[in-house]
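Subject: Structure handover

Hello,

Here is the structure for your pocket work. Please load it first, then read the notes below.

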Amino acid sequence: MRASVTTIEPNGHFCSDCAVRGFAVCASLDPEELREFEHLGRRVHFAAGETVFSEEDITTSFYNLLEGVMRLYKLLPDGRRQIVGFALPGDFLGMNISDRHNFSADAIGAVTVCQFAKAPFGRFIEDRPHLLRRINELAIRELGQARDHMVLLGRRSADEKVATFLLGWRERLFSLKGSSNTVPLPMSRQDIADYLGLTIETVSRTFTKLERHGAIEILHGGISLRDPARVEALAAA
């Protein structure tokens with residue numbers, strides 16, 4: 001993956017027009033704190049396929065995703081890729097127990113992040129317990145998503161895995177776009193396969209099978225849930 005950054009905007013003067021502020025890490029800050037907080041970060045734009053950070057790199061920054069979708073993955077000892085998640089706007093990335101990133105993050109399409117240098121960010125949160133609570137809430141949410149992924153990988157059939165993935169992705173998009181049976185899928189079939197522990201051929205066959213049975217309609221860049229009840233029954237099997 002390429003690692004060049006397309007555009008870096010100067011620090012400050014952008015929190016007021018941030019579309020994800022209401023559900024991002026900074027949601028708990030009052031106006032005065034927000035004015036100080038916005039000078040800690042800078043907006044960085046990545047083109048599709050660019051690497052935001054890499055596994056085992058020393059953690060020097062944290063990232064609040066503002067626009068776009070990122071794939072989060074680990075490389076296995078045999079060279080295979082295991083996708084561990086997909087980040088959406090409002091997700092906060094980079095905080096971990098160790099001083100190194102424990103997974104890599106790439107931009108699926110064009111991505112904009114708010115980047116915070118680790119040391120100033122750490123000083124800012126020291127005497128703000130409400131911000132620490134907010135970070136804890138996001139960490140608990142991330143842990144829940146990791147548990148759901150473990151359960152998903154343990155499911156028996158490809159039908160169950162794909163159905164569960166589609167419903168889970170639609171649920172995550174709900175807070176951003178509202179309720180809809182049209183589910184955008186910016187990630188590739190290979191990405192989905194690497195997330196579900198399947199081959200790309202199995203994922204493609206399963207999508208075709210679900211469409212043939214009237215459960216979904218395959219669209220350019222996504223799917224439409226034609227029979228949500230059928231998909232939910234598969235996911236609950």
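**Cavity and cysteines**

The largest cavity holds about 80 Å³ of space. A cavity here is a set of points, on a 1 Å grid over the protein atoms alone, where a 1.4 Å probe fits but cannot get out. Grid points are joined across faces, edges and corners, and a volume is the space filled by probe spheres set on the points.

Two notes on the source. This is a predicted model: local features need pLDDT of at least 70, side-chain atom pairs count only at pLDDT 80 or more, and totals for chains, interfaces and linings use all residues. Residues are numbered from 1 along each chain as its sequence is written, and side-chain values use heavy atoms, with hydrogens and water left out.

Back to the cavity. The structure has one cavity of 30 Å³ or more. Eleven residues line the largest cavity, and Cys-15, Cys-18, Cys-26, Asn-64 and Cys-114 lie nearest its centre. Lining residues have an atom within 4 Å of a point. Strands S4 (61-67) and S9 (111-117) each supply at least two lining residues. Strands (E, at least two residues) and helices (H or I, at least four) are DSSP runs, numbered from the N terminus. By class, the cavity lining has eight nonpolar residues, one polar and two charged. Ala, Val, Leu, Ile, Met, Phe, Trp, Tyr, Cys and Pro count as nonpolar, Asp, Glu, Lys and Arg as charged, and the others, Gly among them, as polar.

Cys-26 is buried, at 6% relative accessible area. Cys-114 is buried too, at 6%. Buried means under 20% relative accessible area, exposed over 50%, partly exposed in between (1.4 Å probe, protein chains only).

**Pockets**

A pocket is an open set of points with protein on both sides within 12 Å along at least five of seven lines.

The largest pocket holds about 1,100 Å³. Its lining has 35 residues, with Arg-141, Gln-145, Ala-146, Arg-172 and Tyr-195 nearest the centre. Strands S6 (81-87) and S7 (92-93) and helices H3 (129-153) and H4 (158-177) each give two or more residues to this lining. H3 gives the largest share, eleven residues. The classes are 21 nonpolar, seven polar and seven charged. Domain 1 (7-152) and domain 2 (156-236) each contribute at least three residues to the lining. Those bounds come from an automatic or database domain assignment.

The second largest pocket holds about 330 Å³. Of its 15 lining residues, Gly-94, Met-95, Asn-96, Ala-139 and Glu-142 are closest to the centre. S7 and H3 each give two or more residues to the lining. H3 has the largest share here, with four residues. The lining divides into nine nonpolar, four polar and two charged residues.

**Annotation and one loop**

UniProt lists residues 156-229 as "domain: HTH crp-type", in an unreviewed entry. Such annotations may be inferred rather than shown by experiment. Over that range the chain is 58% helix and 15% strand, and the end C-alpha atoms are 20 Å apart.

Val-69 lies in the loop between S4 and strand S5 (70-75). Val-69 is buried, at 12% relative accessibility. Its C-alpha atom is 24 Å from that of Thr-202, 133 residues away along the chain.

Best wishes
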